[in-house]
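Please look over the sequence and the model shown here before reading on.

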Amino acid sequence: PPGPVPPARHGHRAVAIRELMIIFGGGNEGIADELHVYNTVTNQWFLPAVRGDIPPGCAAHGFVCDGTRILVFGGMVEYGRYSNELYELQASRWLWKKVKPHPPSSGLPPCPRLGHSFSLYGNKCYLFGGLANESEDSNNNVPRYLNDFYELELQHGSGVVGWSIPVTKGIVPSPRESHTAVIYCKKDSGSPKMYVFGGMCGARLDDLWQLDLETMSWSKPETKGTVPLPRSLHTASVIGNKMYIFGGWVPHKGENIETSPHDCEWRCTSSFSYLNLDTAEWTTLVSDSQEDKKNSRPRPRAGHCAVAIGTRLYFWSGRDGYKKALNSQVCCKDLWYLDTEKPPAPSQVQLIKATTNSFHVKWDEVPTVEGYLLQLNTDLPYQAASSDSTVTPNMQGVRMDTHRQGSNSTIPNSISDTMNSTKTEYTAMKGTSVKNRPDLKASTDSNATLHSSLATNASNHNSCVVDVLRKNEGPHTSATIGVLSSCLDLRTVIPETSVSSSVSSAQTMVTQQTIKTESSSTNGAVVKDETSLTTFSTKSEVDEACALPASKISRVEAHATVMPFSKETPSNPVATMKAGERQWCDVGIFKNNTALVSQFYLLPKGKQSISKIGNADAPDYSLLKKQDLVPGTGYRFRVAAINGCGIGPFSKISEFKTCIPGFPGAPSAVRISKNVEGIHLSWEPPTSPSGNILEYSAYLAIRTAQIQDNPSQLVFMRIYCGLKTSCIVTAGQLANAHIDYTSRPAIVFRISAKNEKGYGPATQVRWLQGNNKKAPLN
């Protein structure tokens with residue numbers, strides 16, 4: 001990776017904050033005191049500018065992460081001199097602070113030490129064991145192995161309370177240093193337990209100990225499978241219900257450690273095992289006999305660091321053993337990762353923009369993946385909408401008729417309110433690009449189209465989203481929603497991003513950070529989100545009295561029902577469909593979490609899916625025929641993430657519909673500002689009117705008993721119909737507004753335009769209300 005790569009070392013420690021791996025301490029030629037950060041998403045090292053009470057360099061120290069703060073305890077600060085000082089790093093500001101915990105009410109605080117374990121659970125850190133210097137003279141190093149146990153209570157956010165010495169039951173583990181300790185709690189039941197494995201006490205150990213943190217009882221659990229060799233300076237990491245043990249010092253091949261454990265030769269290892277913490281069974285992934293046979297694995301090492309990010313384990317540096325001929329040890333300079341399981345399912349595919357023959361879609365990023373497989377299904381359980389000119393492509397699932405301007409009419413919502421959840425909420429540490437495996441083939445056609453379309457479509461994007469909190473707003477503040485081409489003065493915190501970022505394709509402008517809104521365009525698409533997948537039914541039909549301007553809908557869509565899907569959607573999700581209706585076609589494999597879809601690849605005859613599962617078995621798209629998207633047609637989408645273990649489960653299914661030619665696009669650049677009457681709602685005409693705009697209609701989601709019975713079915717009241725591109729929403733109308741709590745509390749508006757052919761897609765705006773349940777404008 002690029003950036004200031006830290007010097008190779010051993011005895012360092014690492015923790016993870018989101019996608020960042022933060023490394024401190026250790027040493028090779030001298031002890032390191034710099035803080036290094038590796039961004040696993042952008043594959044870059046960087047040196048943060050730290051300030052405050054910067055701690056001295058240390059090695060074999062305690063290092064834990066609580067949210068965005070890191071605690072450092074003890075370690076070797078120079079040869080023979082150990083520390084018992086405690087430092088706190090606020091990583092959000094890169095600010096160091098020395099903290100002084102209260103001593104225990106009975107007994108002494110922990111003595112200076114190295115090689116101890118320091119584990120966090122809840123608001124407490126647990127310190128066990130380590131190595132102390134018995135001599136007061138640091139030049140005269142007399143080792144004393146420890147098995148004392150302390151509890152450190154933390155204050156919320158920053159600072160600590162103090163040390164305590166819990167009274168434990170059972171046999172205490174023997175003294176040791178350079179062991180590992182992890183804490184795990186079963187999801188369904190059980191109390192948190194700390195697991196101590198291995199370590200050094202003159203000889204290496206292979207014993208496993210368990211401490212119940214509720215009863216404070218020590219025990220030695222009985223395990224199944226092959227126990228890893230005795231070791232020290234290894235790493236232990238928990239992912240899911242497994243504790244992964246990698247590397248360390250182990251007895252040399254052929255040595256009989258039972259007869260002479262103190263005198264046998266030791267060597268570094270790259271063997272790899274895990275313990276299932278639910279079943280107490282050991283499984284060997286890389287044995288000692290396998291470790292030297294493949295160059296695709298890390299070479300043997302000890303004193304390295306390991307950190308879990310998502311389902312991926314990262315390993316960096318460490319030493320590979322003592323070379324007698326050179327009278328020195330050699331440190332590794334390499335960085336490795338291991339995918340421990342297939343990635344989880346991404347979020348549902350969300351619509352950014354629909355045209356007559358393409359969709360611009362996105363989905364939430366999945367951490368530590370190499371790409372995404374996007375598929376669509378054209379054999380839907382419903383038909384395309386009627387070509388009748390009275391069909392409105394934006395409001396499928398409702399019956400409408402014309403009313404005079406200003407009439408109050410309501411319709412229920414059969415379109416997902418989360419169909420376009422692109423947001424500008426990013427942290428300063430959020431990365432965007434995803435490391436791509438060299439052997440992973442990408443859909444070059446689709447990706448090339450995506451890259452070029454971002455520039456072309458920026459100027460006519462009618463779908464965008466922005467959030468700005470309503471805090472301390474004055475009477476005339478406003479929030480403006482625009483597109484990238486017109487947004488040069490961004491007031492929200494948006495880092496530099498690659499084209500994979502959803503912000504790149506639907507950028508937003510905020511003129512005041514006081515009113516927070518979300519905007520999305522339905523773009524003629526029928527979308528059913530996770531909630532409505534289980535509730536969409538004939539209730540989507542409305543009585544004749546419930547109306548919106550201009551038209552009726554195809555009955556087949558109002559009656560369409562969709563089966564609910566679990567997070568791990570099978571390849572044949574709807575068992576009741578015919579075989580021809582269950583086939584999924586690949587759109588392509590994408591490095592990033594956005595795609596412009598105008599074509600898909602046709603299945604070979606008799607195939608259910610052309611995707612292969614495996615590390616590098618991407619299909620050869622150059623051998624497959626491509627099919628263009630058709631106007632006015634419904635498509636079902638799903639996406640799966642890919643890592644070194646293969647293709648993970650697919651997301652829940654989304655349904656979108658290409659626009660029907662001739663209808664106007666959605667209004668854009670929606671603005672909301674407060675005034676004495678209520679709020680002023682304004683918008684820009686569609687960038688593609690497809691003729692003269694005859695009128696606009698604006699709608700407000702209102703409170704009704706129907707919403708209480710079925711929260712996913714919003715009911716809208718028309719609050720404006722006319723040629724103007726603005727309207728006043730009175731305080732009285734807002735008093736009847738429904739507060740949507742599906743994601744963040746918001747009042748929901750929709751605005752659509754009508755030409756000679758009818759109404760086009762609506763732009764939806766969510767005016768965020770903060771977390772209180774007070775009436776709007778309070």
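How do the residues of the lining of the second largest pocket divide into nonpolar, polar and charged? In this predicted model, that lining is made up of 14 nonpolar, twelve polar and four charged residues. The second largest pocket holds about 770 Å³ of space, and 30 residues line it, with His10, Met76, Leu114, Leu233 and Arg319 lying nearest its centre. At least two lining residues each come from strand E3 (27-28), strand E4 (30-31), strand E9 (69-78), strand E14 (143-154) and strand E28 (319-323).

By kind, the lining of the largest pocket divides into 20 nonpolar residues, 15 polar residues and one charged residue. As for how such spaces are found, rolling a probe the size of a water molecule over the atoms shows where empty space is left.

The strands named so far belong to a chain whose secondary structure comes to six helices and 52 strands. The chain has 778 residues, and 57% of them count as buried. Among the contacts in the chain with a separation of 6 or more, 69% are accounted for by residues 24 or more positions apart.

Lysine 124 lies in strand E13 (residues 124-133) and is partly exposed, with a relative accessible area of 25%. Once its neighbours within four places in sequence are left aside, lysine 124 is in contact with Ser119, Glu151, Leu152 and Glu153. Between lysine 124 and valine 161 there are 9.8 Å in space, C-alpha to C-alpha, although the two are 37 residues apart in sequence.

Charged side chains are the next topic. Side chains of opposite charge can pair when their charged atoms come close. In this model the count comes to 18 salt bridges, and a network of them links Asp66, Arg69, Glu88 and Lys97.

Which parts of the chain does a salt bridge between arginine 113 and aspartate 148 tie together? The closest N and O atoms of arginine 113 and aspartate 148 are 2.8 Å apart. Because arginine 113 lies in the loop between strand E11 (95-99) and E12, while aspartate 148 lies in strand E14, the pair ties together parts that are 35 residues apart in sequence. Arginine 113 counts as buried, at 0% relative accessibility, whereas aspartate 148 is partly exposed, with a relative accessible area of 23%.

A second salt bridge joins the side chains of glutamate 370 and arginine 312, at 3.8 Å from N to O. Glutamate 370 is placed in the loop between strand E32 (359-362) and strand E33 (371-377), and arginine 312 in strand E27 (residues 312-316), so this pair ties together parts that are 58 residues apart in sequence. Glutamate 370 counts as buried at 1% relative accessibility, and arginine 312 is buried as well, with a relative accessible area of 3%.

A further salt bridge is formed where the side chains of arginine 766 and aspartate 740 meet, at 3.1 Å from N to O. Since arginine 766 lies in strand E52 (residues 763-768) and aspartate 740 in strand E49 (residues 739-740), the parts tied together here are 26 residues apart in sequence. Arginine 766 is buried, with a relative accessible area of 3%, and aspartate 740 is buried, with a relative accessible area of 2%.

The cysteines remain. Cysteine 268 is buried, with a relative accessible area of 7%, and cysteine 331 counts as buried at 8% relative accessibility.

How values were computed. Residues numbered from 1 in each chain as written. Predicted model: local features only at pLDDT ≥ 70, side-chain atom pairs only at ≥ 80, totals over all residues. Heavy atoms only, no water. Buried < 20%, exposed > 50% of the residue type's maximum accessible area, 1.4 Å probe, protein only. Nonpolar A, V, L, I, M, F, W, Y, C, P; charged D, E, K, R; others polar. 1 Å grid on protein atoms, 1.4 Å probe; cavity = no way out; pocket = protein on both sides within 12 Å on 5 of 7 lines; lining within 4 Å. Points joined across faces, edges and corners; volume = space filled by probe spheres on them. Helix = DSSP H or I, 4+ residues; strand = E, 2+ residues; numbered from the N terminus. Salt bridge = Lys/Arg side-chain N within 4 Å of Asp/Glu carboxyl O. Contact = heavy atoms within 4.5 Å.
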